[in-house]
Amino acid sequence: MQIPPSIEAVQEMLSAQGYVCGRALATVVFLSLKLGRPLFLEGEAGVGKTEIAKALAASLNRRLIRLQCYEGLDAASAVYEWNFPAQMIAIRTAEATGTADRAALNRELFSSDFLVERPLLEAMRPDENGAPVLLIDELDRTDEPFEAFLLEALSDFQVTIPELGTIKAPEPPIVILTSNRTREVHDALKRRCLYHWVDYPDFDREIEILQARAPEASEALSREVVAFVQSLRTEDLFKKPGVAETIDWAKCLLALDVINLSPEVIADTLGAILKYQDDIQKLQGSEAKRILDEAKATLEVA
């Protein structure tokens with residue numbers, strides 16, 4: 001599929017994959033595709049940053065290549081490594097057969113046959129369906145040296161392997177970087193990207209998302225679920241529930257054949273929306289009923 005010709009086309013394309021987004025996010029996605037610029041998405045966990053890369057890949061029929069970031073990730077782990085066990089077998093075989101020409105063996109050992117490609121190198125390779133979608137997920141978990149390496153990789157879309165030389169992408173990949181903002185990402189990297197803060201959706205948008213991802217839920221239950229979760233986000237919690245938790249909770253309630261929310265049902269299923277014991281304890285007793293009453297009151301006003 002070709003790049004969509006307008007912002008509205010981007011919204012329709014993503015909506016067909018069950019991803020509902022507002023015009024501001026659709027605009028920055030459109031510009032990223034149109035200009036070939038990496039897209040940097042920041043926001044709380046569970047608001048849909050990773051999902052947009054999956055939806056884009058599915059919509060455009062492109063391969064999704066995901067680099068999951070973690071503390072200590074270095075360039076070698078993200079780009080390539082040599083298949084050491086296979087190299088050792090080749091050396092032993094050459095020695096056993098007496099055909100060990102040192103120069104020829106060295107060229108063979110450090111050829112593409114023994115190269116293990118990691119996500120960044122994979123993203124530089126040509127693909128018959130077009131440039132892949134490269135998702136660099138949770139960049140804020142990495143260290144600053146890795147950020148510095150990405151500056152060159154995202155500027156020139158090329159990587160260098162000492163034994164093989166420089167490998168440049170024939171067509172730049174569609175790059176999505178995400179961050180949960182556990183630390184600040186360096187300005188130099190942000191300047192190479194288009195930026196968007198992905199916030200929690202408003203009530204109507206979250207209802208639309210829930211209907212797209214859990215269409216089996218009745219309108220009444222969907223409204224109660226979203227109203228309760230949105231009220232919950234105003235509480236002093238260690239980790240506020242994201243949209244992902246809203247969807248998970250609704251599916252849990254459907255599995256239990258719940259028709260309407262009640263304090264008892266909420267107490268039984270809190271683990272679907274809250275992931276820390278301290279937060280769960282805060283909602284024990286009358287607290288869940290208070291928040292549910294507040295949520296229902298907002299629905300009556302609306």
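These legends accompany close-up views of a predicted model.

**View A. Strand 5 and its covered faces.** Start with strand 5, which spans residues 133-137. Of its 5 residues, 5 are buried, so the strand counts as mostly covered under a cut-off of under 20% relative accessible area. Look at one side and you will find Val133, Leu135 and Asp137, while Leu134 and Ile136 sit on the other; both faces are covered.

**View B. Strand 5 beside strand 2.** Here strand 5 pairs with strand 2, residues 64-68, in the parallel sense. The pairing runs over 5 bridges. To find one of the partners, pick out Gln68 and follow its bridge to Asp137 in strand 5.

**View C. Strand 5 beside strand 8.** Strand 5 also pairs with strand 8, which covers residues 174-179. This pairing is parallel too, with 4 bridges. Val133 is a handy place to begin, with Ile174 of strand 8 as its bridge partner.

View D. Phe157 belongs to the loop that links helix 8 (144-156) to strand 6 (158-161). Its phi is near 50 degrees, a positive value in a residue that is not glycine. Most residues other than glycine have a negative phi. Phe157 counts as buried because its relative accessibility is 10%, and the cut-off for buried is under 20%.

**View E. Asp257, an exposed loop residue with positive phi.** Between helix 12 (243-255) and helix 13 (263-269) lies the loop that holds Asp257. Asp257 is not a glycine, yet its phi is positive, about 60 degrees. With a relative accessible area of 65%, Asp257 is exposed.

Technical notes
Residues numbered from 1 in each chain as written. Predicted model: local features only at pLDDT ≥ 70, side-chain atom pairs only at ≥ 80, totals over all residues. Heavy atoms only, no water. Buried < 20%, exposed > 50% of the residue type's maximum accessible area, 1.4 Å probe, protein only. Helix = DSSP H or I, 4+ residues; strand = E, 2+ residues; numbered from the N terminus. Pairing = 2+ DSSP bridges.
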